[in-house]
Amino acid sequence: MADLSVKYCGVTYQNPLILASATPGWDGNAMLLAAKQGIGGVIPKTIGPEQEWAKHPRNGRFYIYKKKNIPIGQVNLELFTTKTRGDWLDHDLEIAKQGRAVMHISLLAMPEPEQTAALVEEIQSTGLADILELNVSCPMPAKTVGMHIGKSAEKTFAQVKAAKETAKIPLTVKLTPNVASMIEIAQAAKEAGADGITISNSIRAFAGVDIEIGKPYLCAYGGYTGPAIKPIIMRHVSEVAKQVDIPISAVGGVSSYRDVIEYIMLGAVTVQLCTSVMWQGYALISKILSDLNGWMEEKGYTSFEDIRGMALGNITSVEELARLPAKHAVIDAASCIQCGICRRVCFYRAITDLYRVRYDQCDGCGACEQWCPKKAVTLC
Ligand SMILES: Cc1cc2nc3c(=O)[nH]c(=O)nc-3n(C[C@H](O)[C@H](O)[C@H](O)COP(=O)(O)O)c2cc1C
């Protein structure tokens, strides 16, 4: 068995997988189901407001976005937990604790930083939390919380500072991807004392229109999650990992061990999952863990430290890109089945009827290599 354990913000997790704050952590028993699959940490649905504006919608709140009937993403209008603060603090966290996964407790940054600090105190006084995750990032329309705080470096700083002044256990902050760059916000979180950051919450999105009736699939803007968002979240994770020295928990589109490894190679310490568990059930967790173990053993890695951030040095700047050596496509005649796909996707008209590459026309884009069903094309 490979050693899958990681240390994140001073807390030891038996493996880097964490159940993200969302529907799969709806109550204590749900968190326990994830723990029974061997997950390293569990995060409940964000604990926070009991105000009128936080009422929970129960009128159809998920839209599964599919292409050719394959789900690629999901828009949700879920908003907050239906459990009261008392439910969580008096019962559900205790139930979840029986699972022995790290208790990483999500709390909402409230409209005023002092209210957030009071919530930190309430949660830590249960003695059931190992680490906290401050949510400044929900993409929902409530005007005083969620990403309305997290897209401002100043507001994020004030919230984290207030929370950290009260917290006696490590505190992480969950950021929003709905910003041009996360670097400034991550830096503000760090300066305010955050021990780590979660990248990230959902992407604000619109589900689409049913053209038969001319009405939207969901009648509000929501959060987009699942495999389709992974490239966007990887962009944020790697940019922050390169520029801000703070431990990162990555979350967005993880459904296999490969996704976990990719995020770790981009600098993440822990990796969270949500939509894939909603689609495939809690058993996916033990499958990913077993695959992770197999991959680590096969590669001979002894810990995730061997690979953390490994890919970052190869991400270059736009300025450097054009200075890299030029390449062109080469087709292996023995493997080519002359299906014509490479010719169709070549907008430089560099591939001839004989399935040869005209090097004077080839622009080295690599589209033919990507599309070839037989791996007969190589970019050299
Ligand atoms: C239905 C649903 C509800 C969510 N609720 C919360 C929440 O209460 N608090 C929070 O911080 N993130 C919430 N999220 C965001 C997830 O924790 C996660 O950041 C996001 O789904 C991206 O990960 P994924 O692609 O693995 O789903 C929710 C996501 C979904 C799909």
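Which residue just after helix 8 takes a positive phi? Select Gly267: its phi is about 110 degrees. Keep in mind as you go that this is a predicted model.

**Stop 1: helix 8**

Now step back and select residues 257-265, which form helix 8. Of these 9 residues, 7 are buried, so the helix is largely enclosed by the rest of the structure. To see them, colour Tyr257, Asp259, Val260, Ile261, Tyr263, Ile264 and Met265. Then show what covers these buried residues: the cover includes strand 3 (17-19) and strand 15 (248-251), along with strand 16 (270-273). Two helices also belong to that cover, helix 7 (230-243) and helix 10 (283-299).

**Stop 2: helix 6 against helix 7**

For the contact itself, select Ile183, Ala186 and Gln187 on helix 6, then Glu239, Val240 and Gln243 on helix 7. Sorted by type, the contact residues come out as 3 nonpolar, 2 polar and 1 charged.

**Stop 3: the cysteines**

Finish with the sulfur atoms. The structure holds 0 disulfides. Pick Cys219: the nearest cysteine sulfur belongs to Cys138 and is 18 Å away. With 75% relative accessibility, Cys219 counts as exposed. Next pick Cys274, which is in no disulfide either; its nearest cysteine sulfur is that of Cys138, 11 Å away. Is Cys274 buried or exposed? Its relative accessibility is 17%, so Cys274 counts as buried, the cut-off being under 20%.

Key. Residues are numbered from 1 along each chain as its sequence is written. This is a predicted model: local features need pLDDT of at least 70, side-chain atom pairs count only at pLDDT 80 or more; totals for chains, interfaces and linings use all residues. Side-chain values use heavy atoms; hydrogens and water are left out. Buried means under 20% relative accessible area, exposed over 50%, partly exposed in between (1.4 Å probe, protein chains only). Helices (H or I, at least four residues) and strands (E, at least two) are DSSP runs, numbered from the N terminus. Contact means heavy atoms within 4.5 Å. A disulfide is a pair of cysteine sulfur atoms within 2.5 Å. Ala, Val, Leu, Ile, Met, Phe, Trp, Tyr, Cys and Pro count as nonpolar, Asp, Glu, Lys and Arg as charged, and the others, Gly among them, as polar.
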